[in-house]
Every structure is written in C-alpha cells, then in structure tokens.
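This report walks through a few parts of one protein model. Keep the structure open while reading and find each part as it is named.

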Amino acid sequence: MLGLMQDWPLTVDKFLTHAAQWHGRREVVSRSVEGPIVRTTYAELEQRAKRISNALLAMGVKPGDRVATLAWNSGRHMEAWYAIMGIGAVCHTLNPRLFADQLCYIINHAEDRIIFTDLTFLPVLMEHRHQMPTVETFIVLTDQDHMAKVDLKGALCFETLVETHSPDAKWGGFDENTAAGLCYTSGTTGNPKGVLYSHRSNFLHTLVTAQTDVMGIGSRDVVLPVVPMFHANAWGLTFTCPAIGAKMVMPGPKMDGESILELIETEGVTFSAAVPTVWQMLLQHMRATGAKFSTLKRVVIGGSAVPEAIIRAFHDDYGVEVIHAWGMTETSPLGTQASLTAELAELPYDEQIPYRLKQGRPPAGVQLKLTDDEDKRLPHDGTTFGRLKIKGPFIVGRYFKGDGGEILDEEGFFDTGDVATIDQHGFMQITDRAKDVIKSGGEWISSIEIENIACGHPKAALAAVIGVAHPKWDERPLLLVQLKPGETATRDEFLEFLVGKIAKWWMPDDVQFVSEIPLGATGKIDKKLIRQRMAGYVLPTAEPVG
Ligand code: AMP
C-alpha cells in the first residue's frame with residue numbers, strides 16, 4: 001500500500017525560493033573579484049537569479065544542457081547556480097586550479113555550452129578558447145564598467161543580462177531525479193570522472209547537513225564558506241545556508257589569513273568551513289598579529305586529515321570548536337563528522353582528542369562498511385584496517401557517461417579508495433588512500449598519522465610521508481618536511497619528536513627537508529608529484545641484501 005502524502009519533488013530551487021520568502025532580508029555578502037565588498041539579500045538574489053534563468057532560456061538552454069561556472073565563491077556565482085539548476089539545466093563547476101589541459105578535457109567531456117566566468121580566468125579561457133568547441137558563449141560575472149576591458153570574443157556581461165531580463169521565471173516542476181550539478185573528481189589516477197548530482201540527492205544532503213551533529217548551524221548563524229563552490233559544492237553550504245536562512249559571507253578570490261580574518265571580524269562570522277591548509281595560514285596570521293576572534297564559534301575542517309595542532313590551537317587559544325569531517329566529491333560530499341557522542345562528551349578534553357582527530361560517524365542516510373580485498377566485512381575494533389565502502393541516497397551510483405564502468409559492489413556500496421578503521425564508538429579513521437598506504441613487512445603503516453604528528457613540530461609548515469622501496473621490508477616510510485620560513489632543523493630533531501607518539505616500526509627511515517610540499521587542485525598533498533620528484537631517492541637503510 002502506498003502512502004497518501006503530497007507529491008512535492010525535492011528540487012533545490014525550493015531552497016532559494018524559501019529563503020527569499022521567509023529569510024528575505026538575510027544578507028549574502030561577497031568580497032568581489034573587482035575589489036569592493038558587495039551586499040545583497042536572499043530576496044534580491046532570487047530575483048536576479050531568475051533574470052539570469054530567462055537570459056539562459058533566451059539563449060536556447062534546454063533541460064539537461066551543461067552550463068559551467070569558473071568562479072570564486074560570491075553572490076553572483078550563487079545566482080548563476082540557481083539560474084542554471086532552476087530551469088533543469090546542469091551546473092558544471094570547473095576547478096580553476098586544474099591544469100589547462102585537464103580543464104579543457106572536462107569542458108569537452110561535459111560538452112559545456114556556456115561558461116560563466118570571473119574576470120580572473122579570462123586569460124586562461126582566451127588562450128585555450130580553440131580547445132573548447134562545444135562552448136558557444138561566455139558570461140563574465142562582472143558589471144558594464146569592467147566589461148569594457150574584456151576582449152574575449154562573444155563574451156556577455158552578467159549585469160547587463162540581469163538588467164535586460166525579467167525576474168518572472170518558472171523554476172522546478174520537473175522530476176526530482178533530474179540532474180542538477182556536475183563535478184569532476186580531481187583525477188589523481190587517470191582522467192577526471194564526472195559525478196552527476198541530482199536535485200533529490202542535493203536536497204537530501206542539505207537536510208542531513210543541517211543537522212546539529214553535522215554542520216550544526218541555524219538562521220542566526222553567519223556562515224563563511226571558504227571551501228570553494230567548485231570543491232564538492234562548497235560542502236553543500238550554498239544549499240544549506242538558504243535552506244536555513246543563515247547569513248552568508250563569501251570570500252571571493254582572497255583566502256589568505258589576513259583577508260579571511262577581516263571578513264570574520266567585520267561580518268560577525270560564527271561558522272566557517274575549509275581544508276586544513278587554509279586554517280594553518282589563518283592561525284599563522286593570528287599568532288603573528290596577536291589577533292583574537294570576537295564571534296567565531298565553530299569550524300568544520302575536512303578534505304584532508306586535521307592535525308592535532310590545529311584542533312588544539314582553535315580550542316585552547318581562541319575558544320573555537322573544530323569539527324573534523326570526511327567526504328568526497330562522490331559523496332556530495334559529507335560522509336562522516338567527528339561530533340562527539342554523549343558518552344565521549346563526558347570525557348576530559350584531552351581524552352576527547354583521539355576521537356576529535358578521527359573522521360567520525362555517519363549521519364542517518366549514510367551507511368559505511370569496512371571490507372578486505374575479497375569484500376569480506378571486517379570488525380569495527382579500532383585497529384583492523386580495511387577498504388572503506390559507502391552507500392546512501394547522495395552517494396555516486398555511476399560516473400557521468402559510464403566512465404569507470406560498474407562502481408558498486410554486490411551490496412550496492414561504493415569503494416571510496418580510502419583505507420580506514422572503525423572503533424567501538426563508531427568513529428571511522430582514515431589511515432590512507434589505498435594507493436598511498438605504506439606496506440612494510442606485510443603490515444600497513446598509516447602515512448596520514450605520521451604526517452599529522454610531524455606537522456605538530458613547532459618548526460614544520462607542512463609534512464608528507466611516502467613509502468619508498470626497501471629491499472628487505474618492501475617499503476619503508478620517508479618523512480618530507482617543509483619548514484616554516486626562516487627555520488632550520490635536523491633529521492634527528494624530527495625523529496626524536498616522533499618517539500613515543502608512533503609505533504617503533506612506523507618510525508621513518510629518513511627525513512628530507514624540501515622547499516615545497518606540493519598541493520593538488522583541492523588543497524590535498526600531491527603524493528603522486530612527490531613520488532615523481534623523489535624517483536631517484538634511495539633510503540639510507542636500503543643496504544642491498546646479500
Ligand atoms: P575530493 O573528492 O577531492 O574531496 O577527495 C576526497 C578524498 O579526500 C577522500 O577520499 C579522502 O582520501 C580525502 N579526505 C577527505 N576528507 C578527509 C579527512 N577529513 N581526512 C583524511 N582524508 C580526507
């Protein structure tokens with residue numbers, strides 16, 4: 001027997017329509033690419049987005065067409081998103097940190113017809129225009145004054161389109177399983193693959209992220225999404241904030257410590273989200289200037305593992321709670337977050353730290369399991385490492401155009417490519433990407449755990465650990481350290497720092513100081529590049545076995 005409730009398709013345009021009607025005066029504040037701070041409200045943002053929908057319809061955009069954005073976080077970028085998704089077209093977020101040929105690859109693979117772009121990216125688009133045959137039009141997210149200097153052939157001005165089109169547009173009215181967004185994985189192995197979100201998957205993800213134990217934000221919060229809209233939908237915040245009526249503060253192109261702190265203080269930010277490297281820069285700036293936060297209460301950190309030093313600095317020095325979260329483009333992206341259970345919250349702070357450092361527990365709507373290579377389930381005992389698999393209504397089922405073939409196991413779980421443990425409290429901990437795990441004497445060493453501890457050394461700016469071939473043990477860990485500017489250090493200083501904090505047999509066989517630890521397009525340590533750079537390196541312990 002079927003239920004008898006209303007059929008109300010879960011489409012994301014409803015979030016902005018709700019915000020416009022019920023939180024209409026709540027602001028969206030942006031640091032614009034042109035420089036000044038720009039203020040708008042949800043009511044205005046919805047009207048402007050509808051005008052852009054009409055502009056797209058006038059250009060012949062049809063449901064299912066891919067329309068891309070190449071832009072920083074801003075109110076205009078949000079207007080473009082809702083304009084595209086509201087009419088059933090697919091918003092393809094392009095990551096400007098990709099190399100130009102990868103960018104061209106995904107534009108062509110997606111068959112993007114239109115690209116919304118910030119002024120920042122005109123040079124790269126002009127240089128590679130001829131490699132994007134499917135693209136008919138560029139819409140520059142700027143005003144008429146700045147447009148005068150744009151010399152990209154056929155480019156249109158966003159503000160002119162806003163002025164010349166009517167705000168009367170019909171949004172939604174289609175199946176909730178209609179595609180809404182397209183985001184390509186970073187493609188560390190092979191070509192990037194497209195994750196095609198549906199309205200329904202984004203809608204459900206939004207309801208989940210709005211829970212207290214996930215983002216824990218409400219209408220009185222002021223939210224600064226530093227995590228870019230092109231990195232897994234700013235972790236959903238561009239949907240969650242209008243859904244709950246939170247004020248938004250968008251950082252535009254400036255994500256350095258000083259600029260972020262300025263926005264936090266002038267706009268009264270209470271909540272923010274970003275990858276660890278952003279927070280490291282901010283904390284360095286805070287220490288150097290002696291600044292304090294007046295309003296900031298909580299930050300969600302994910303994308304790569306959060307070092308203890310960051311959690312402690314936020315808590316001990318600034319009274320800010322860090323929530324560690326894990327997810328991936330394929331999971332919309334939030335999969336787990338390390339919100340403490342009632343039992344763990346009773347512990348003294350120092351005893352909570354090991355749990356706060358883990359990636360955490362799944363919310364309702366996400367199922368997790370650990371398996372071995374034969375797909376046999378492994379115990380949740382906190383020590384057994386296994387492949388982390390995930391299932392739920394906002395987890396990828398297939399990649400766009402079928403790339404990669406069948407990606408779910410027999411029970412319908414997606415293999416994340418991460419290796420993890422799950423403890424008795426249900427806290428999952430990522431120990432490595434499957435391809436980065438260090439296999440030493442038949443056992444696995446977690447590169448991430450050593451990195452996090454090494455990062456806590458007062459002289460370290462960044463640390464990375466890779467496995468290097470060893471004649472006796474197969475692989476042994478090598479620690480690479482990028483020192484803070486002006487620092488010098490010795491190998492032994494770092495090895496001594498690790499003593500007692502990791503198992504003896506996990507101790508790196510060597511430490512190398514490097515001028516730069518390379519980061520990839522989503523702010524993660526680029527181990528592939530590090531391995532390439534260290535190709536000729538031989539461990540001092542790698543005596544040939546005779
Ligand atoms: P992306 O799709 O670019 O967001 O990358 C997803 C991958 O980033 C995951 O599969 C993990 O390997 C890694 N990742 C994300 N969040 C965390 C975290 N909190 N700790 C460790 N690794 C993480």
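Glutamate 111, which comes just after α4, has a positive phi of about 60°. The model is a predicted one.

Helix α4 spans residues 100-110, and its buried residues are Leu103, Cys104, Ile106, Ile107, His109 and Ala110. An α-helix has 3.6 residues a turn, so residues three or four places apart point the same way. The buried residues of α4 pack against the strands β3 (66-70), β4 (90-93), β5 and β8, and against helix α5 (122-128).

A disulfide is a covalent bond between the sulfur atoms of two cysteines. How many disulfides does the structure hold? The number is 0. Cysteine 104 is in no disulfide, and the nearest cysteine sulfur, in cysteine 183, is 17 Å away. Cysteine 104 is buried, with a relative accessible area of 4%.

Cysteine 241 is buried too, at a relative accessible area of 0%.

Strands of a sheet pair through backbone hydrogen bonds, either parallel or antiparallel.

## Aspartate 143

Where does aspartate 143 lie? It is in the loop between β6 (137-140) and α6 (144-147). Aspartate 143 is partly exposed, with a relative accessible area of 23%. Its side chain is joined to that of histidine 146 by a polar contact of 2.7 Å.

Beyond its neighbours within four places in sequence, aspartate 143 is in contact with Glu34, Arg76, Cys157 and Glu159. Isoleucine 52 is 91 residues from aspartate 143 in sequence, and their C-alpha atoms are 14 Å apart in space.

## The sheet of 8 strands

Another open sheet has 8 strands in the order β2-β1-β11-β10-β12-β13-β14-β15, also with mixed pairing. At its edges are β2 (37-41) and β15 (334-337), each of which pairs on one side only. On average, neighbouring strands of this sheet are turned by 20° against each other, direction ignored.

Strands β10 (residues 222-225) and β11 (residues 247-250) pair in the parallel sense over 2 bridges. Here valine 223 stands opposite methionine 248 in β11. Helix α9 (residues 237-244) lies across β10, β11 and β12 (271-274), and runs at about 150° to β11.

## Around the ligand

There are 16 residues around the ligand, and those that come nearest are Ala325, Thr329, Gln359, Asp418 and Arg433.

Some side chains place polar atoms by oxygen atoms of the ligand. For aspartate 418 the distance is 2.6 Å, for histidine 231 it is 3.1 Å, and for an N or O atom in the side chain of lysine 524 it is 3.2 Å.

Notes
Residues are numbered from 1 along each chain as its sequence is written. This is a predicted model: local features need pLDDT of at least 70, side-chain atom pairs count only at pLDDT 80 or more; totals for chains, interfaces and linings use all residues. Side-chain values use heavy atoms; hydrogens and water are left out. Helices (H or I, at least four residues) and strands (E, at least two) are DSSP runs, numbered from the N terminus. Buried means under 20% relative accessible area, exposed over 50%, partly exposed in between (1.4 Å probe, protein chains only). Contact means heavy atoms within 4.5 Å. A polar contact is a pair of N or O atoms within 3.5 Å; within protein, one must be able to donate a hydrogen and the other to accept it, and residues adjacent in sequence count only if both atoms are side-chain atoms. A disulfide is a pair of cysteine sulfur atoms within 2.5 Å. A residue is near a molecule or strand if one of its heavy atoms lies within 4 Å of it. Two strands pair if DSSP finds at least two bridges between them. Axes are lines fitted to C-alpha atoms, for helices over the stretch in contact, and angles run from 0 to 180 degrees between N-to-C directions.
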